Amino acid sequence: MKIATCTASLDGFGEPSRTDERIHLLFEILRESQKLQADFLCLPGGYLRVKSISERDKFSHTIHNEAKKYGIAIAVGID
C-alpha cells in the first residue's frame, strides 16, 4: 500500500469562507496522488472548516465521490 500525505498552507486555514478554494486544492492533490499511484491520501486535521453539520456532510460527500473517481482512500479533517 502506498500512502501519500502532505502539509497544508496556513493560507485559508480555519476560514469557512475559504473552504471551496481548499477543496479545489484537495482535488489537485488527489490527481497528483494518483500519478504517484497512491492508495491512501492523508491530509491534516482541520484542513477544512465549515459552518454547520449539514455543510460538513455536503463536503464529505463531495470529497468521497472525488476520491472514489481516483480510486484513492482519503482521510481529511473537517472541523
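Below, we talk through the model in questions and answers.

Modeller: Before you start, this is a predicted model, where local features need pLDDT of at least 70, side-chain atom pairs count only at pLDDT 80 or more, and totals for chains, interfaces and linings use all residues. Residues are numbered from 1 along each chain as its sequence is written, and side-chain values use heavy atoms, with hydrogens and water left out.

Biologist: In what order do the elements of the chain run from the N terminus on?

Modeller: Helices (H or I, at least four residues) and strands (E, at least two) are DSSP runs, numbered from the N terminus. The chain has two helices and three strands. Read from the N terminus on, the elements go β-α-β-α-β.

Biologist: Which strands stand at the edges of the sheet?

Modeller: Strands count as paired if DSSP finds at least two bridges between them. The three strands form an open sheet with parallel pairing, in the order 1-2-3. Each edge strand has a single partner strand, so one side of it is left without a neighbour in the sheet; these are strand 1 (3-5) and strand 3 (73-75).

Biologist: Which residue of strand 2 does Thr5 stand opposite?

Modeller: Strand 2 covers residues 40-42 and pairs with strand 1 in the parallel sense over three bridges. Thr5 has its opposite number in strand 2, and that is Cys42.

Biologist: At about what angle to strand 2 does helix 1 run?

Modeller: Helix 1 takes in residues 19-35 and lies across strand 1, strand 2 and strand 3. Its direction relative to strand 2 is about 140°.

Biologist: Is Ser33 buried or exposed?

Modeller: Buried means under 20% relative accessible area, exposed over 50%, and partly exposed in between (1.4 Å probe, protein chains only). Ser33 is part of helix 1. Contact means heavy atoms within 4.5 Å, and, leaving out residues up to four places away in sequence, Ser33 touches Ala4, Ala38, Leu41 and Ile72. With 4% relative accessibility, Ser33 is buried.

Biologist: Which residues touch the most other members of the largest nonpolar core?

Modeller: A nonpolar core is a set of buried Ala, Val, Leu, Ile, Met, Phe, Trp, Tyr and Cys residues joined through side-chain atoms within 4.5 Å. In soluble globular proteins, nonpolar side chains tend to be buried together. Here the largest core has 16 residues, and those touching the most other members are Ile23, Leu26, Leu30 and Leu41. Helix 1 and helix 2 (53-70) each supply at least two residues of this core.

Biologist: What does Leu26 contact, leaving aside its neighbours within four places in sequence?

Modeller: Leu26 is one of the residues touching the most other core members. With those sequence neighbours set aside, its contacts are Leu43, Tyr47, Ile63, Ile74 and Val76.

Biologist: How many Å apart are Ala67 and Leu30, C-alpha to C-alpha?

Modeller: Ala67 sits in helix 2 and is buried, at a relative accessible area of 3%. Not counting residues up to four places away in sequence, Ala67 touches Leu30, Ile72 and Ile74. Ala67 and Leu30 are 37 residues apart in sequence, and their C-alpha distance is 6.8 Å.

Biologist: And where is Gln37, the residue with a positive phi?

Modeller: Phi of Gln37 is near 60°, and this residue is not a glycine. Gln37 is exposed, with 60% relative accessible area. Its place is the loop between helix 1 and strand 2.

Biologist: Over which ring does the charged end of Arg22 sit?

Modeller: A charge sits over a ring if NZ of Lys or CZ of Arg is within 6 Å of the ring centre and within 35 degrees of the ring normal. Lys58 lies over the face of Phe59, 4.7 Å from the ring centre. For Arg22 the distance to the ring centre is 4.5 Å, and the ring belongs to Tyr47.

Notes
Axes fitted to C-alpha atoms, helices over the stretch in contact; angles between N-to-C directions.
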